[in-house]
Amino acid sequence: MGRRETERYLKWLFAFAGSFIAGILIMNITKNYFISDGGILNSTILSRIKYLNVDGTMLLRYIIFERVKIAFILIIFSTTFIGIAASYIFVMWQGVLAGMFFTAAIIRYGFKGILLLLAGIFPQQILLIPAWVMLLNWCCQLCCKFYFPQKDLEIVSNQKHYLVRKGIILLWIIGVVIIGCILESYVNPIILNELLKIF
């Protein structure tokens, strides 16, 4: 991993951290709206989840569709001159959402809220977070190749081989995302259901 690639990862990290803090501030400012009886992570929703019989197959289809849809949008943007900007927007959006959910969980349930968030992301995010980072890097590399050759870190001796290699890497990333979706559909509901027994 080169210096520029490391810098890119650090910039994403700072963008996520900054937007995470922004999400915390947004939630604190608007908590009367979001943290109401019918707001985020309310007890009624948790009770329904606790006694919900999850159809893993249907959930898997839905999650895969949503994840692949987002991946497809990022890939499309990577073929335009705003591909790099799109990667930062995605990272910041995820940071804001994470900050808002983190704050809502803490305000509603205290320490148990942290456990709830951890149960909600485990074990799928162990695979999904690295996969999304790799996909964002893949998209940025493609965007640089098309529009910002001065930032391009990849040396291409054969265009056909380059496209084949990029295609294989993309398929591998999508495969990891799908495995993460399987864990989210079949394993995570069991973990979440067990944790909700203490709520």
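## Salt bridges

Lys-197 is exposed, at 53% relative accessibility (buried means under 20% relative accessible area, exposed over 50%, partly exposed in between; 1.4 Å probe, protein chains only). Its salt-bridge partner is Glu-194, with the closest N and O atoms 3.1 Å apart (a salt bridge puts a side-chain nitrogen of Lys or Arg within 4 Å of a carboxyl oxygen of Asp or Glu). Glu-194 is partly exposed, at 47%. This is a predicted model, in which local features need pLDDT of at least 70, side-chain atom pairs count only at pLDDT 80 or more, and totals for chains, interfaces and linings use all residues. Residues are numbered from 1 along each chain as its sequence is written, and side-chain values use heavy atoms, with hydrogens and water left out.

The structure holds three salt bridges. Side chains of opposite charge can pair when their charged atoms come close. Lys-69 and Glu-66 pair at 3.3 Å, N to O. Both sit in helix H4, three residues apart, about one turn of the helix (helices, H or I of at least four residues, and strands, E of at least two, are DSSP runs numbered from the N terminus). An α-helix has 3.6 residues a turn, so residues three or four places apart point the same way. Lys-69 is partly exposed at 36%, and Glu-66 is partly exposed at 21%. Arg-67 bridges to Glu-184, with the closest N and O atoms 2.6 Å apart. That pair links distant parts of the chain: Arg-67 is in H4, Glu-184 in H8, 117 residues apart. Arg-67 counts as buried at 17%. Glu-184 is buried too, at 15%.

## Fold

The protein chain has nine helices and zero strands. Its C-alpha trace spans about 60 × 40 × 25 Å along the principal axes. Of the 199 residues, 36% count as buried. Among contacts between residues at least 6 apart in sequence, 85% join residues at least 24 apart (contact means heavy atoms within 4.5 Å).

H5 has 27 residues and reaches 39 Å from first C-alpha to last, close to the 39 Å expected at 1.5 Å a residue (the expected span is 1.5 Å times one less than the number of residues). Just after H5, Gly-110 takes a positive phi of about 65°.

## Nonpolar cores

The largest nonpolar core has 27 residues (a core is a set of buried Ala, Val, Leu, Ile, Met, Phe, Trp, Tyr and Cys residues joined through side-chain atoms within 4.5 Å). Leu-74, Ile-75, Trp-132, Leu-135, Leu-136, Trp-138 and Cys-139 touch the most other members. H1 (3-29), H4 (56-78), H5 (83-109), H7 (125-147) and H8 (159-186) each supply at least two residues. H7 gives the most to this core, with eleven residues.

Ile-75 touches Leu-135, Trp-138, Cys-139 and Leu-170, not counting residues up to four places away in sequence. A second, separate core of 15 residues includes Leu-46, Val-96, Ala-104 and Leu-192.

## Surface

The protein chain exposes about 12,000 Å², and carbon and sulfur atoms supply 72% of it (Shrake-Rupley method, 1.4 Å probe; for residues, only the protein chains shown count as cover).

Phe-72, Ile-73, Ile-76, Phe-77, Phe-81, Ile-82, Phe-146 and Tyr-147 make a nonpolar surface patch of about 780 Å² (patch residues have over 30% relative accessible area and no salt bridge; like charges are joined within 9 Å, nonpolar side chains, Val, Leu, Ile, Met, Phe, Trp and Tyr, within 5 Å). H4 and H7 are the elements that give two or more residues to the nonpolar patch. H4 gives the most, with four residues. Ile-76 lies in H4 and is partly exposed at 41%.
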